[in-house]
Amino acid sequence: IFQLVVAGTGDFSSPVIPFYSLYIALWAIFMLEFWKRSEKITAMKWGTIGFEDEQRDRPEFEGQNRVSFINGSQITYFPPHERSRIMAQSFSIIGTLALIVLGAVSAIYVIRRILYDTSVSVYAQLIASVANSVQITVFNIIYGKLADYLTDMENHRTDTQFEDSMIAKLFIFQFV
């Protein structure tokens with residue numbers, strides 16, 4: 001209704017804008033809270049509450065065997081500063097590859113623009129589309145293997161941590 005009022009009047013400084021903003025803010029808060037409630041209900045139905053608390057270490061997890069300060073049992077310890085260093089390296093590699101992808105896409109647009117001024121201008125868009133499809137396929141293959149390698153190198157303790165890290169890397173790359 002607020003958008004119709006603004007569109008009808010053509011006045012983007014309409015007095016209804018603050019009310020519309022308040023409505024959107026409240027809607028976002030309520031949507032988030034109802035989503036959390038729905039998520040917890042589903043977790044209760046499926047019996048997955050506390051699932052991440054009961055996980056075992058991955059067989060690939062490496063560290064030093066130490067005595068726990070809490071209960072005196074043997075634990076495998078991996079220093080947090082080492083994990084932070086490895087994660088920083090991983091995300092710098094991911095950022096570099098994302099910049100390379102952006103550079104490749106930019107180069108394709110530049111090549112398309114150059115082709116418009118040549119005798120093959122009729123095929124410029126087709127050539128750019130094919131080049132873009134090829135670069136997407138090639139970078140997806142390279143990045144998939146690289147993301148798997150980097151996630152392995154990060155030495156995550158549990159399968160959930162491993163999968164969360166892999167999903168984050170793949171999401172970042174696919175988004176770019």
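Student: How many salt bridges does a search of the whole structure find?
Tutor: The search finds 6 salt bridges. Do keep in mind that this is a predicted model.

Student: Okay, which residues are linked in a network of salt bridges?
Tutor: That network links Arg-58, Glu-60, Asp-152 and Asp-159.

Student: Let's start with Arg-58 and Glu-60. What is the N to O distance there?
Tutor: The side chains of Arg-58 and Glu-60 meet at 3.3 Å, N to O.

Student: And is Arg-58 buried or exposed?
Tutor: Arg-58 is buried, because its relative accessible area is 7% and the cut-off for buried is under 20%.

Student: What about the salt bridge between Arg-58 and Asp-159, how far is N from O?
Tutor: For Arg-58 and Asp-159 the N to O distance is 3.5 Å. Arg-58 sits in the loop between α2 (17-46) and β1 (64-67), while Asp-159 belongs to helix α5 (residues 159-175), so this pair ties together parts that are 101 residues apart in sequence.

Student: Nice. What is the relative accessible area of Asp-159?
Tutor: Asp-159 has a relative accessible area of 44%, so it counts as partly exposed.

Student: Changing topic: which residue does Glu-82 form a salt bridge with?
Tutor: Glu-82 pairs with Arg-85, and their closest N and O atoms are 2.4 Å apart.

Student: Where do Glu-82 and Arg-85 lie relative to each other?
Tutor: Both are in helix α3 (residues 80-116), and because they are 3 residues apart, about one helical turn separates them.

Student: One more, about the backbone. Which residue has a positive phi although it is not a glycine?
Tutor: That would be Asn-155, with a phi of about 60°.

Student: Where is Asn-155 found?
Tutor: Asn-155 is in the loop between α4 (124-153) and α5.

Student: Is Asn-155 buried or exposed?
Tutor: Asn-155 is buried, with a relative accessible area of 8%.

Technical notes: Residues numbered from 1 in each chain as written. Predicted model: local features only at pLDDT ≥ 70, side-chain atom pairs only at ≥ 80, totals over all residues. Heavy atoms only, no water. Salt bridge = Lys/Arg side-chain N within 4 Å of Asp/Glu carboxyl O. Buried < 20%, exposed > 50% of the residue type's maximum accessible area, 1.4 Å probe, protein only. Helix = DSSP H or I, 4+ residues; strand = E, 2+ residues; numbered from the N terminus.
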